[in-house]
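Here is a short tour of one protein chain, written to be read with the structure open beside you. Take a moment to look it over, and then we will walk through the fold together.

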Amino acid sequence: MQVTMTVNGEEVTREIEGRLLLVHFLRDHLQLTGTHWGCDTSNCGTCVVRLDGEPVKSCTVLAAMAGGHEVRTVEGLEQNGELDPVQRGFIECHGLQCGFCTPGMMMTARALLDSDPDPSDEEIREAISGQICRCTGYATIVRSIRWAAAEEAGTRTTAPDTEAPAAEQPAGEEPVATTTGSAS
Ligand code: FES
Ligand code: FES
């Protein structure tokens, strides 16, 4: 079957099998390998992209279902050579270590800030609660998203704060919120 969708602002058309998942369409047909594939159980969230603005796990969506819709991947965050504030926040606040979860985390963060420019830490944790990071302990991810929010609001006045991650949450623990969050 043929599918046509808009990916990062460009219309693409490909011949696909009806059973092809969106994550594999992006990675294998479009070579957009920034979207990672980390599990077979819809748990890890490293595959999160935006579908018509909503963060979705692209391993739970058939590519055919995205036909006629707008998809944005991590490659679409940068605009005109400028990193998105979310990307800069992850750099400034060390929101990644191995980086495997990072594309999904950043796409969820971008969607969160687009709907709520000033989320609380609890709201940030809720938003990323459907995603797993095995490196950071989540504290620096929350801090990175907070940095981006402050940057966009023009209220960031200093370098990233340096509160100890361990005081917020021990490394390796799941986020406080354990609902499916916005990345469903
Ligand atoms: S690849 Fe793990 S949730 Fe999609
Ligand atoms: S930075 Fe390694 S899994 Fe999140």
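Following the sequence, the elements of the protein chain come in the order β-β-α-β-β-β-α-α-α-α-α. That gives six helices and five strands, in what is a predicted model. Of the 184 residues in the protein chain, 41% are buried. Among contacts with a separation of 6 or more, 66% link residues 24 or more positions apart.

Let's start with strand 3 (residues 48-51), which pairs with two other strands. The table sets out these pairings.

| Pair | Direction | Bridges | Residues that stand opposite |
|---|---|---|---|
| Strand 3 and strand 4 (residues 54-57) | antiparallel | four | Leu51 and Glu54 |
| Strand 3 and strand 5 (residues 70-72) | antiparallel | two | Arg50 and Arg72 |

With two residues between them, strand 3 and strand 4 make a hairpin. In its turn, Asp52 has a positive phi of about 50°.

Now turn to helix 3 (residues 102-115). Its 14 residues, at 1.5 Å each, should span 20 Å, and the C-alpha atoms at its ends are 20 Å apart, so expectation and model agree. Helix 3 is also mostly covered, with twelve of its 14 residues buried.

Key. Residues are numbered from 1 along each chain as its sequence is written. Chains are lettered from A and ligands numbered from 1 in the order in which they are written. This is a predicted model: local features need pLDDT of at least 70, side-chain atom pairs count only at pLDDT 80 or more; totals for chains, interfaces and linings use all residues. Two strands pair if DSSP finds at least two bridges between them. A residue is buried if 20 or more other C-beta atoms lie within 10 Å of its own, exposed if 12 or fewer, and partly exposed in between; C-beta atoms are placed from the backbone. Two residues are in contact if their C-beta atoms, placed from the backbone, lie within 7 Å. The expected span of a helix is 1.5 Å times one less than its number of residues.
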